[in-house]
Amino acid sequence: MAVIFDLEGVLIDNRERIKYALSKINNNITSPEDLSHTEKTLFWRIYFDAKLAEKMDKVFMTGISELLKRSKKGFRIFIVSGSPKEVVLIHMRKIRKALQQFSSDISIDDIIWRPSGDRRKAEEFKKSVVRNIILFRGLTVEEVHDDNPAVIESFKSIARKRYLWKDGEIIAVFT
């Protein structure tokens, strides 16, 4: 059985980087959803800067704890992120370092990031990736952990449990 974890908003605290990228575009906006199409393009270019992720992003210890719990139960762990490879690899280094605080390491079956040029919505991208995991590896998806309500909804018929996160905390569980 597989458990799918998102990075940003679940295992990684990216709030400072979001705030910084938004401030570079428009100080009156508090969410990327409120930006115009042109502003969003610029926002994502700033936001996905690997150097900013290295400098600003932190690990949510609650997320790490949940990751450890699932690993100890014997679940196969998959990280599926909408971020590009460079940012995901930085986040994974930070997660591995945080795991050392627990004197623990876990086996992660796969780490999947968004390919360059893939502009699908998060729910479309992640659902496609997870369907491939199910089909090619013969697994069932026990849980999905994500901070995007659209992603959580899209897994309604695929995952037994869906955990909606906000700022590193579980705010709802759907079965």
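**Close-up 1. Buried residues of helix 5 in the predicted model.** In this predicted model, the buried residues of helix 5 are Val 87, Val 88, Ile 90, His 91, Met 92, Lys 94, Ile 95, Ala 98 and Leu 99. The helix covers residues 85-101, and because each step along a helix is taken as 1.5 Å, its 17 residues should span 24 Å, which agrees with the 25 Å that separates its end C-alpha atoms. After helix 5 comes Ser 103, a residue whose phi is positive, near 50 degrees.

Close-up 2. The whole structure contains 16 salt bridges, and one of them joins the side chains of Glu 54 and Arg 93, with a distance of 3.4 Å from N to O. Glu 54 belongs to helix 3 (residues 50-56) while Arg 93 belongs to helix 5, so this pair ties together parts of the chain that are 39 residues apart in sequence.

Close-up 3. Glu 66 forms a salt bridge with Lys 69, where the closest N and O atoms are 3.1 Å apart, and another with Arg 70, where the closest N and O atoms are 2.5 Å apart. Lys 69 is three residues from Glu 66 in helix 4 (residues 61-72), so about one helical turn separates the two; Arg 70 is four residues from Glu 66 in helix 4, and here too the separation is about one helical turn. Glu 66, with a relative accessible area of 11%, is buried, and Arg 70 is buried as well, whereas Lys 69 is partly exposed at 43%. A network of salt bridges links Glu 66, Lys 69 and Arg 70 with Glu 143.

**Close-up 4. Strand 6 and the strands that pair with it.** Strand 6 (residues 141-146) is mostly covered, with six of its six residues buried. Strand 1 (residues 2-5) pairs with strand 6 in the parallel sense over four bridges, and in this pairing Ala 2 stands opposite Val 141. Strand 7 (residues 159-166) also runs parallel to strand 6, to which five bridges join it, and Asp 146 stands opposite Leu 164 of strand 7. Between strand 6 and strand 7 the chain passes through helix 7 (residues 149-154), giving a β-α-β crossover that is right-handed.

Key: Residues numbered from 1 in each chain as written. Predicted model: local features only at pLDDT ≥ 70, side-chain atom pairs only at ≥ 80, totals over all residues. Heavy atoms only, no water. Expected span 1.5 Å × (residues − 1). Buried < 20%, exposed > 50% of the residue type's maximum accessible area, 1.4 Å probe, protein only. Salt bridge = Lys/Arg side-chain N within 4 Å of Asp/Glu carboxyl O. Pairing = 2+ DSSP bridges. Right-handed = clockwise from strand over helix to strand, strands pointing away.
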